Structures are given as C-alpha cells and as structure tokens.
Amino acid sequence: MLQQTPFRLGQFRVEPLECAIYLSDSEKQSLQPKFIEVLCYLASHYPRVVPRQELIEHIWQGNGYVGEKALTNAIWHLRQALKHPDGSESIQTIRKSGYQLLREPEYLSPPKTLAPAASETSSTNQRRRYPPLWLWVLPMPLLLLVFWWLQTEELSPISGIEVITTQPGMELFPAPTPDGRHVVYKWRRPDGSMDLYMQDTQQPNLSPKQLTFDEENEGRAVWDMTGKVLYFRRKNDDLETCNMIKLDVQSLQEQIIGKCPLGGDLHYLDITPDNSTLAYWGLEGVADKPAVYRRRINSESNETPVCLTECDMRDRDMAFSPNGQYLAISRRLSRFSENIYLHDLATGQERLMIEGESDIVGITWHPDGKHLVYGVQRADSRSGYLLNVVTGRLTPLNIEGFSYPSFAKQTPWLYFQTRSEFYQIAYLPLANDLPSSPFPFLQSDYNHKYPDYSNASDSIAYLSNESGNYEIWIADADGNQRQQLTELKRPVLFPKWSHDGKRIAFLAANADGSGDSLMVVEVATKRISRVPSPYNGHYRVTWTADDSALVGSIYMNEDTEERERELFLLPLDGSPVTQLTYDGGRHGVLLEDGSLLYTRSEPGLYRLSPGSEQSELLISAEQFGTRYSWTLADDGIIYFTDPGTRYKDIKHYDARSGEIKPILRLPVPEVVTESSFSLDSKRQRLLFSNTIKYQSDIKRLKHLELN
C-alpha cells in the first residue's frame, strides 16, 4: 500500500500522491512511483534499518531479479533528489543489512495509505497484470482463457523484425549508413576466415560487397555522417601491429590514420557526430590500463592517446549521444559486474543508469537523444533493453540472441545481431588406431561447458545453465545421474575436482559485485566454503597433490586484466598465500616432487624446479600455443595448439623422449576458446567443450515503440 500523507524530511516536502519532492516549497522534482514507494516505506519504518529483501518483497512483490536492480536504481535517484545544500545525505546504506532514513519524517497529517500506483519501470519479466474484479464471476474455462491471454500478450516478442543476412557462419557488429540503406558487418565464415562486407538492404537479392581482402583481423566499423567513409581497426597478431583504417567505400581505397593498441578487443569503437574524433577501447597510453581513448581523425599519427573519462576507470563500450554532449559508457566493476553511465563530456559529471549486469554487449543511442538500446549476456543467453535516460524506465525487447545494436543516425532504424551459442561436452578416444572425430558426451537443450573428470569418484564435474544460470553439476562417467551442486544464481566458472574426489573448487562472482572468490563445494553435503585469499580477482585453479591447497592465477591489479597476473599457492586452512611465479604465470600444476608446470602470458610451457628462481622452457612457443587447454597424461601432456586462424591441433608431448605427436586437427568453430581439457585415463578419452551451434545473423527493426 502506498502512503498518501505528505511529510517533511529536513528541508524537503514529500508529496506521495504527486510522486514529487519539493525543496523549500518551491522547486519540484518528479520521481517514479516506485521511488516514492521506497521512500515512504523507509519513512514508515524510521529509524529501523530496512533490509533490501524486505523492500523487494514489499515494493516488487518478491520479484528478486527485477527488485535487485530496480531498488539500487531507486536508492540512487532518491539520494540525488534528497541531497541537502550542505551535501549531507538523507539515506544511508548499512553494508550487508539494508537502508536507513537519517532524518525523522514529520507527517503533515495522520498517515493514510492507498493502493500503489502502476509501476513505471520494467524488467526482464514484464509487470504481472491482474484482471478486474468483474472477471472473477466468469465461468472457470473462460477465466483461464483470460489469464492465458494476459500472460501471452505481455510476453510476446517484438514483431516486424527483418532478416538482413543469412550467410553461413557469423555476421557480426552491424554498422548501418546514416540513411539506414546499407549495413556493413564482419563476416566470420565457416572456415574461420574474416572480412568486412556491405549489404544493400533495398536489394536483398544482391550478394554482399566485400570491402576487405586480407588474412588479418578487422574489428567493428563505424560510418562518418556522409555515409561515404568507413573507419575500423585492423590487427595482425603475428606482426604485432594494429592500425586504424579509413576506407573510401566506393573506391575501396584505404588510408592508415594512426596506430592502435595491440591489447584489448576490437569490438568497441564510435565516432563523434561532427566526424572529428574516434573513441575506442584498448590497453595503451601512459596509464597502460584498459580504458576508452580518443584519437582525432585529422591529427598526427603519433598523437598521444587521451582517456575520454578517467584512465583508472575500467570503461569498455561507448556511444556518443546525437548532440555530442554525452558519452554512454559501460564500466566494469569486476569481470562479473558491469554498469552503464552517462558521462557529460563538458563537465565530467556522470549519472549511473544501469547497475550490476554481468556483461554488456553493445550500446547505441536512438536519434531522439532520449533513449538508449543495449544488449546483455547472462549465462550465454543474450537479450536487449530499451532505456529512457530521462525517466530511467527500462523495457525488455524480448528478442532472442540480441546484441551489438546500432541505430542509423538519420532514421530510427535499429540494426542488431542475433547470436546463438550452443555448447556441449565432447570426448575424443585416444586409444583408437584410426583417427577419430570427437563424440558427444553430454547433450541436451542446455549449454554444458568446462568438464573435469575425477578418477577417484569416476565422475564428471561441469557447468550447466539448465537452471537459468551457470551452476556446478556432476554426472557419472556415462553422462547419467546428473546432479546440481550449487544454487548461487550468479556467475561461476572452472570446476576442478580434488584428487580424492570429495570436493570441487570453482570460481564465483561475489554477491555484491566487488570481484570474485575461490570456492569449494563438498559433493556429499553440497556445503560451500570460501578459500581464504586477500585478493578479489582470481582465475583457474588446480589442486596440490595432497588436496591441502590450490594453485591459481591471481590478478595483482584488477585494472589490468591481461597483465600483472601471477600464480599463487592458496592453502585451504587460511595460512598465508605464497607467490609461486614472477614472470606472468597464468595456469599451473604443482607436481608431487614440488616442481611447477605452467604457462605464461606468451606462448610456451615452462617448468620451475623446487628452490630454483629461473624456469626452463619445456615446449617452445612455436609448438605450444595455449594457456589453459592442456592436461597431464601418464606419459606426458596433451594440449590444444593454434597453428592458424582456421583450425586447432590436439597434440601429445612425450615427457621421456620430448617427441611431439599430432593427434587430431579440428576447425576453429568447433572448439571453445581456452576450453578446459580433462583426461579420463580409465577409458583413455579426452573431454573438452565443443561448439554445436555457432551462428549470428544481422536483423533490422524499423519501428521500435518508445517509452
């Protein structure tokens, strides 16, 4: 019930019926009804600390997924609205408890309540609507039909979507011309080769025009406002070069306008509305940190890169508003938590818009300058949202696989990619005399990844999104007797059995989004415990031979994801952690004799003997091109390596002779990048993650209903 009685909080007067807050009886701030409901509930329970879950239960009827994000958004807006001239706050956060009103409310008359107003917010699940009372007198069959209609009407997907590309493989990162007629995209063909192509949407029967012709890697492209010039980045990992390219689309004449950083993805690029500046994400500059940088298009090629926001922020994707005043940016709090902010380019002031998403996959502005569309990825499932930046209202688009949206600049046509990824666990027989392709081990309608076999329990641990989130599951050696071990409902990764087959170590995002922790689950009881660690950024782990500790990669500095990582020994009993490597260790196994086999940031496999400060190269970089896809065998090491862009090889290293023998060659699309390798020595088979379906198409929506 929504309280309707006005009350004062210091200098502010709150008018619930108006959904407004007044400062000194003059200046009025209108807020969403849900925000006012939160404030009224805190006021009615003053001075008690109100738990977050209680607010979610009361305001959002217990819808945890919606309420978690909406409540955080509500508290932020209320703090802005109730900030006193002296800078003092009206609401404080009590860590791990909830929220408390700092000033006693003064009611202007005895408090009264009324039914809450309709919500002005939306989320992944649309607000549940209930029929009017007169419907309850209808016969039961008709009543059930009405309920069915209400539910299906709310959850129906957006109509009017046009399919633009249908080529085999993956069409990625659509970039429409300002008038929306043509769209450029990156086509990753089934053989693994990649180039930029352009499709004329008014002549769909014409084949797309190829724009680049090379073996290098082109990134996302952007158009200037003339619709004649295209900008993109091109990277050559072998030559260690990255260049920014200006392409005349008619003549296909290219010009290198500057260098770009080798570190970081090529997915994130935008151009200012006046065509003067490119913004991009990467690892470069004096700070040498992942950030959003700018490059003036007509500047000298050796111009020093400048951060568009602060270099110590972990910004990633970006989009300039149509008037050039704002930059919408996605910012990583950790590898499992990402927010969206509006950054005022003139003042540097920022406004938090979206909080706590696991992975933002694309942002674009509607030409009206009042709406953003963005994509998110959760447990390998992609979806899109429409955000009103004025009111904060969020509406799901209900488009399966939605990601990397892009509006045409001069017309509100929305282009986007629909990407589906389907992962299963496969095994490769190793004892066969004849070469063999991988066989399916665990197949269902859900994704399964990162298998790890336990010889002691004769079981497989793996990730599955069957519950809607990736959780830790186990199955017997035939893939049967499946059992879910965790219900954390937040990202988890990299399950690893202890040698005795009683526990599984894994990586999990922290509930508050601050980072991640190493966890251990006991299989018999499902009890989960945290591995003591002073760090909040970890990666894959292995167990020591006696199962008393973990060997894992730790981010020494969370701001540099690809650098300052080393291998540490993390005892389970809380003893101090011990640094094992000082040369960029990434993934390692501590053997019974105390020696460490490990990989670094650069290719190659290394061995560090006990008491030694200098490691030795065991397998050369030319032969060993993986960091994580390797496992110990009885007589050596089995591993993936990447001899080219179109395929991967599985090889065996004989520890006695030093001989390297190829086992199998697989096309790149079938192999999950940095897949876990696990050897089932009883059956002489190798388990790994396999790609069953890997498809992306470009689509268009001409009429998007705005909120």
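Reader: Why is cysteine 40 called buried?

Author: This is a predicted model, and the value is computed from it. Cysteine 40 has 4% relative accessibility. Buried means under 20%, so cysteine 40 counts as buried.

Reader: What makes valine 521 buried or exposed?

Author: Its relative accessibility is 0%. That is under 20%, so valine 521 counts as buried. Valine 521 sits in strand S42, residues 516-522. Beyond its neighbours within four places in sequence, valine 521 is in contact with Leu485, Lys502, Arg503, Ile504, Phe506, Lys526, Arg527 and Ile528. Contact here means heavy atoms within 4.5 Å.

Reader: How far is valine 521 from proline 495, in sequence and in space?

Author: The two are 26 residues apart in sequence, and their C-alpha atoms are 9.8 Å apart.

Reader: Lysine 526 is on that contact list. Why is lysine 526 called partly exposed?

Author: Lysine 526 has 38% relative accessibility. Buried is under 20% and exposed is over 50%, with partly exposed in between, so lysine 526 counts as partly exposed. Its place is in the loop between S42 and strand S43 (528-530). Phi of lysine 526 is near 65 degrees, a positive value in a residue other than glycine.

Reader: What kind of peptide bond joins tyrosine 46 and proline 47?

Author: The bond is cis, with omega about 5 degrees. Most peptide bonds are trans. Proline 47 is in the loop between H1 and strand S6 (50-51).

Reader: What makes the crossing of H1 and H2 oblique?

Author: The axes of H1 (residues 33-44) and H2 (residues 52-59) cross at roughly 125 degrees and come within 11 Å. The crossing is right-handed.

Reader: Which residues make the contact between H1 and H2?

Author: H1 supplies Lys34, Glu37, Val38, Tyr41 and Leu42, while H2 supplies Glu54, Leu55, His58 and Ile59. These residues divide into five nonpolar, one polar and three charged.

Reader: How do you know that cysteine 242 and cysteine 260 form a disulfide?

Author: The S to S distance between cysteine 242 and cysteine 260 is 1.9 Å. A disulfide is a pair of cysteine sulfur atoms within 2.5 Å, so this pair qualifies. A search of the whole structure finds one disulfide. The link is left-handed, with -90 degrees about the S-S bond. Cysteine 242 is in strand S19 (residues 241-248), and cysteine 260 is in the loop between strand S20 (253-259) and strand S21 (269-271), 18 residues apart. Both cysteines of the pair are buried.

Reader: How many helices and strands does the chain have, and what share of its residues count as buried?

Author: The protein chain has four helices and 57 strands. Of its 707 residues, 52% count as buried.

Note on methods
Residues are numbered from 1 along each chain as its sequence is written. This is a predicted model: local features need pLDDT of at least 70, side-chain atom pairs count only at pLDDT 80 or more; totals for chains, interfaces and linings use all residues. Side-chain values use heavy atoms; hydrogens and water are left out. Axes are lines fitted to C-alpha atoms, for helices over the stretch in contact, and angles run from 0 to 180 degrees between N-to-C directions. Helices (H or I, at least four residues) and strands (E, at least two) are DSSP runs, numbered from the N terminus. A crossing is left-handed if the near helix is turned anticlockwise from the far one by less than a right angle, and right-handed if clockwise. Ala, Val, Leu, Ile, Met, Phe, Trp, Tyr, Cys and Pro count as nonpolar, Asp, Glu, Lys and Arg as charged, and the others, Gly among them, as polar. Buried means under 20% relative accessible area, exposed over 50%, partly exposed in between (1.4 Å probe, protein chains only).
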